[in-house]
Structure formats: C-alpha cells, structure tokens
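Dear colleague,

Please find the structure below, handed over for your files. My notes on it follow.

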Amino acid sequence: MSDEELIPFEEEELFIPPVQFEYLDHTADVQLHAWGETLEEAFEQCGMAMYGYMTEIEYVSVKYIKDIEAEGHDLLSLLYHFLDELLFIFCADHFFIARVVKILEFDAQNFKIKARCYGEPFEIGKHPQGSEVKAITYSNMQVHQNDGKNEVFVIIDI
C-alpha cells in the first residue's frame with residue numbers, strides 16, 4: 001500500500017473514548033475483555049484493546065483514517081472477522097495502528113460491520129513495541145448482551 005492510499009485525517013476534534021477493556025492472563029496467549037453500554041461499543045473497545053497490546057496507544061497520533069468492513073454468520077464470527085480485519089490493516093497496510101476504532105454501521109441481523117480506524121503507521125522509536133499479535137482465535141470467545149452492559153471476551157495468539 002502506498003502512502004497516498006491512506007486518507008489524511010482533517011477533523012479538528014475526535015472523541016477519544018475512555019478505556020473499557022482489560023487483559024486477562026491465559027496460558028501462552030492473552031484474553032481481551034472489553035465492555036460498553038452497547039454491543040458496538042464493546043466491539044470497538046475490543047479492537048482498541050488489541051492495538052493497545054501491540055503498543056501503548058496513547059503514543060498513536062490521529063493522522064489518517066482507514067475504513068474496514070467485516071461480516072460473519074453469527075455474532076462470534078462477526079467479532080472474529082472484525083478483529084481479523086483490524087489485524088490485517090496492521091500487517092498489510094504500512095503497519096497501520098489505530099488509536100480509535102469507531103463502528104459506523106452495525107447490522108446485528110445480517111452480521112455486518114463498517115468501521116473507521118483513526119491512527120497512523122506504526123513507527124519504531126515513536127511507538128513502544130508491545131507483543132506481536134499473530135492471530136485472533138475462537139477459543140473461549142464470548143459475547144454477552146445484558147441491559148446496559150455488553151461484554152466480549154477474545155483470546156489472541158501472541
């Protein structure tokens with residue numbers, strides 16, 4: 001991907017949401033636990049948790065936007081493919097890492113997501129190096145929808 005394919009970020013303000021995720025110990029891997037008032041927010045937080053495991057995201061500047069789409073056949077596969085797309089743009093698009101992940105469209109009936117990622121290419125020296133995320137897994141993946149609190153659990157292979 002060439003630099004001209006990244007869309008420059010030109011908005012004056014972007015709301016950086018509060019952290020609503022944590023890392024749980026897991027043998028040889030790490031489990032992401034994210035939550036939000038809506039399922040969309042829990043998915044967004046899970047994406048930011050993954051990026052936060054790769055680097056300290058407070059060092060990531062919002063210089064570009066990158067749009068992604070994901071679809072599945074149920075909520076678990078939708079979450080899997082959503083995170084896999086986020087990992088793909090890191091691996092394939094100049095190591096693009098997002099500070100903020102915002103879902104623009106969330107179709108829970110047809111299991112489709114359109115999202116926008118706000119960030120920049122990863123740069124050694126500027127961004128502290130965390131753990132390499134090799135893959136998203138279905139192992140013990142969970143999506144819990146409760147009134148006012150939605151949670152997701154995902155184990156990533158590091």
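**Two phenylalanines in loops**

Phe 111 sits in the loop between E5 and E6. The model is a predicted one, and in it Phe 111 has a positive phi of about 55°, although it is not a glycine. Most residues other than glycine have a negative phi. Phe 95 also has a positive phi of about 55° without being a glycine. Its place is the loop between H2 and strand E5 (96-107).

**Overall fold**

The secondary structure consists of two helices and nine strands. Along the sequence, these elements follow the pattern β-β-β-α-β-α-β-β-β-β-β. The radius of gyration is 15 Å, close to the 15 Å that the globule rule gives for 158 residues, so the protein is as compact as a globular protein of that length. Taken along the principal axes, the box filled by the C-alpha atoms is roughly 40 × 35 × 25 Å.

Of the 158 residues, 42% count as buried. The protein exposes about 8,400 Å², and carbon and sulfur atoms supply 46% of that area. Among contacts with a separation of 6 or more, 68% are between residues 24 or more positions apart.

**Aromatic pairs**

A pair of aromatic rings is described by the distance of the centres and the angle of the planes. With centres required to lie within 6.5 Å, the count comes to six aromatic pairs. One of them is formed by Phe 9 and Tyr 118: the ring centres are 5.5 Å apart and the planes stand at 90°, so this pair is edge-to-face.

Phe 43 and Phe 82 make a tilted pair, because their ring centres are 6.0 Å apart and their planes are at 40°. Phe 43 lies in helix H1 (residues 39-54) and Phe 82 in helix H2 (residues 75-92), so the pair ties together parts that are 39 residues apart in sequence. Phe 43 has 0% relative accessibility and therefore counts as buried. Phe 82 is buried too, at 0% relative accessibility. Phe 43, Phe 82 and Phe 106 form one aromatic cluster.

A charged side chain is also placed over a ring: Lys 149 lies over the face of Trp 35, at 5.8 Å from the ring centre.

**Two positions in helix H1**

Helix H1 contains Ala 49 and Glu 41. Ala 49 is buried, with a relative accessible area of 0%. Glu 41, at 22% relative accessibility, counts as partly exposed, because buried means under 20%.

Glu 41 is in contact with Gln 20, Trp 35 and Gly 36. The Trp 35 touched by Glu 41 is also the residue whose ring face lies under Lys 149.

Two C-alpha distances from these positions may be of use as reference values. Ala 49 and Asn 150, 101 residues apart along the chain, have C-alpha atoms separated by 15 Å. Glu 41 and Phe 111 are 70 residues apart in sequence, with a C-alpha to C-alpha distance of 15 Å.

**Cysteines**

How many disulfides does a search of the whole structure find? The search finds zero. Cys 91 is in no disulfide, and the nearest cysteine sulfur, that of Cys 117, is 13 Å away. Cys 117 is likewise in no disulfide; for Cys 117 the nearest cysteine sulfur is that of Cys 46, 13 Å away. A disulfide requires the two sulfur atoms to be within 2.5 Å. Cys 117 is buried, with a relative accessible area of 0%.

Regards

Technical notes
Residues are numbered from 1 along each chain as its sequence is written. This is a predicted model: local features need pLDDT of at least 70, side-chain atom pairs count only at pLDDT 80 or more; totals for chains, interfaces and linings use all residues. Side-chain values use heavy atoms; hydrogens and water are left out. Rings of Phe, Tyr and Trp (its six-membered ring) pair if their centres lie within 6.5 Å; planes under 30 degrees apart count as stacked, over 60 as edge-to-face and the rest as tilted. Helices (H or I, at least four residues) and strands (E, at least two) are DSSP runs, numbered from the N terminus. Buried means under 20% relative accessible area, exposed over 50%, partly exposed in between (1.4 Å probe, protein chains only). A charge sits over a ring if NZ of Lys or CZ of Arg is within 6 Å of the ring centre and within 35 degrees of the ring normal. The radius of gyration is taken over C-alpha atoms; the globule rule is 2.2 Å times the number of residues to the power 0.38. Contact means heavy atoms within 4.5 Å. Accessible areas come from the Shrake-Rupley method with a 1.4 Å probe; for residues, only the protein chains shown count as cover. Lists of a residue's contacts leave out its neighbours within four places in sequence.
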